[in-house]
Amino acid sequence: MKARIFALWLAVGIPLLWGVMKTLENAVKLFH
Amino acid sequence: MSASFLDRESTVAPAGYNRFSVPPAALAVHLSIGQAYAFSTFNLPLTKLIGISHSAPGDWKLTEVGWTFSIAIAILGLSAALFGRWVELAGPRKSMFTAAMCFGGGFIVAAIGVHFHSLSLLYLGYGVLGGIGLGIGYISPVSTLIKWFPDRPGMATGMAIMGFGGGALIAAPLSLLLMAHFRTATSTGVMETFVTMGVIYFMFMMIGVYAVRVPAADWKPAGWVAPVKPRPLVTEAHVAVDVAWKTRQFWLLWTVLCMNVTAGIGVLGQASPMIQEIFSGRVTPEAAGSFVGLLSLFNMGGRFVWATVSDYIGRRNTYIVFFGLGILLYSSVPTIGHIGSIPLFVAAFAVILSMYGGGFATIPAYLRDIFGTMHVGAIHGRLLTAWSVAGVLGPVLVNYIRQYQIDSGVPKAQAYSITMYIMCALLLIGLLCNLGMRAVSDKYHHRLGTSAPAKGAS
């Protein structure tokens with residue numbers, strides 16, 4: 001059960017983290 | 001007859017099921033449909049389908065393409081209201097599957113529209129079919145999460161609705177990557193991107209279809225006891241959807257959501273030109289794009305943070321903060337613009353947008369507190385018509401007042417001051433409605449074993 005929960009969170013967490021990272025990368029430009 | 005995989009009966013969780021596997025199911029759906037907020041990345045390429053590098057005669061105009069998003073948001077509210085009751089009856093798995101079919105299928109129909117250069121097919125595909133997917137997908141996990149987390153309903157729904165805010169953060173760079181990949185000398189790559197995204201989102205939403213479970217009727221979190229002492233504005237009774245929308249409380253909450261969203265959505269739609277015009281010559285279009293991305297991040301984060309906070313300080317107090325702090329921040333924007341402080345300006349709008357997202361995420365728990373859990377998903381669906389109205393009202397207010405100001409000779413940098421004060425007035429209306437919130441009269445409460453409210457309710 002724990003492995004299943006971990007896999008589910010990973011499946012939604014990876015794309016979300018990628019999106020957040022891309023947004024932060026771009027946001028840096030605002031303060032330069 | 002045995003229940004099929006999609007039926008509600010097949011999704012009842014066995015004893016000992018870990019409830020923390022349900023939020024990712026909801027997130028998979030909301031992260032997908034949240035793509036809608038990033039549809040503007042297609043706007044310019046869709047105006048160059050014939051000319052490829054520039055708009056040629058016969059190409060669609062930006063105003064024509066812009067309607068696609070507006071139709072999708074309007075259909076979202078309407079379909080959530082129309083299908084809310086069906087979603088409650090069919091259960092989360094069947095409704096998530098339907099949402100995936102509509103949303104993924106909408107992309108495919110829109111791609112056919114791009115291929116044949118048919119604007120009607122684009123509207124029908126992404127706007128209507130995709131919009132139905134948005135509406136059903138948005139409400140499908142809400143009542144399930146509230147039932148799994150009776151101790152923390154705000155946090156649970158905040159987690160899911162955070163996905164709708166976060167969807168744009170994924171979709172914007174993904175759309176740009178795919179269009180760059182498929183672009184050739186004779187194609188903008190939009191059609192291929194639509195097909196790819198339709199398939200990707202359909203498959204991603206299937207994670208939700210596979211993982212979602214509803215708790216057994218008598219299930220409670222281990223060690224949790226429902227509060228014996230009644231809490232103010234939190235009912236343990238239930239109000240049926242057809243009764244709820246006739247109550248004063250429903251329309252107060254409708255106005256609360258509408259005012260909060262109108263103020264936020266107007267700013268979100270104009271954020272890029274606004275920061276460039278207020279800080280003329282100091283903010284490049286590229287940096288303004290970063291500002292919009294940053295606002296999306298706070299829109300997403302605010303959904304989880306504020307909805308969780310509402311579990312501790314109460315829903316009404318949370319909205320008092322949204323409206324009170326919102327009035328303070330909106331009214332300070334003209335001064336901040338006059339001082340010329342970009343960091344202060346960004347910080348003010350970051351907080352404003354966090355409360356915009358927080359308003360969306362806290363409303364399901366507010367509805368649960370006022371109307372109970374029985375039809376909360378369907379009631380939420382009907383309340384989302386406020387979003388449809390705000391989706392039109394907000395941008396129109398901001399755009400037209402700005403244009404009126406400029407036409408009257410006001411410098412562009414100061415053209416937003418009146419708009420900010422009008423936003424304060426909208427928030428004040430929301431604050432008054434929120435302060436007027438009272439518990440629903442007993443006569444509207446649902447009687448067990450019947451389909452009617454108590455005697456006397458109209």
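**View 1. Helices H7(B) and H8(B) are oblique to each other in this predicted model**. The axes of helix H7 (residues 153-182) of chain B and helix H8 (residues 190-211) of chain B come within 8 Å and cross at roughly 130°, where axes are lines fitted to C-alpha atoms, for helices over the stretch in contact, and angles run from 0 to 180 degrees between N-to-C directions. Angles under 35 degrees count as roughly parallel, over 145 as roughly antiparallel, 65 to 115 as roughly perpendicular and the rest as oblique. The helices are DSSP runs (H or I, at least four residues; strands are E, at least two), numbered from the N terminus. This is a predicted model, in which local features need pLDDT of at least 70 and side-chain atom pairs count only at pLDDT 80 or more, while totals for chains, interfaces and linings use all residues. Residues are numbered from 1 along each chain as its sequence is written, and chains are lettered from A and ligands numbered from 1 in the order in which they are written.

**View 2. Residues at the contact of H7(B) with H8(B)**. On H7(B) the contact is made by Ser175(B), Leu178(B), Met179(B) and Phe182(B), and on H8(B) by Val190(B), Glu192(B), Thr193(B), Thr196(B) and Met197(B); two residues are in contact if their C-beta atoms, placed from the backbone, lie within 7 Å. By class, this contact has five nonpolar, three polar and one charged residues, where Ala, Val, Leu, Ile, Met, Phe, Trp, Tyr, Cys and Pro count as nonpolar, Asp, Glu, Lys and Arg as charged, and the others, Gly among them, as polar.

**View 3. The side of chain B that touches chain A**. The contact takes 23 residues from chain B and 18 residues from chain A. In chain B, helix H1 (22-33), H7, H8 and helix H11 (285-313) each give two or more residues to this side, and H11(B) gives the most, with nine residues. The residues of this side of chain B divide into 15 nonpolar, seven polar and one charged.

**View 4. Domain 1 of chain B against domain 2 of chain B**. The domain assignment of chain B gives domain 1 (19-211) and domain 2 (241-444), with bounds that come from an automatic or database domain assignment. Here 32 residues of domain 1 of chain B are in contact with 31 residues of domain 2 of chain B. On the domain 1 side, H3(B) gives the most, with 13 residues.
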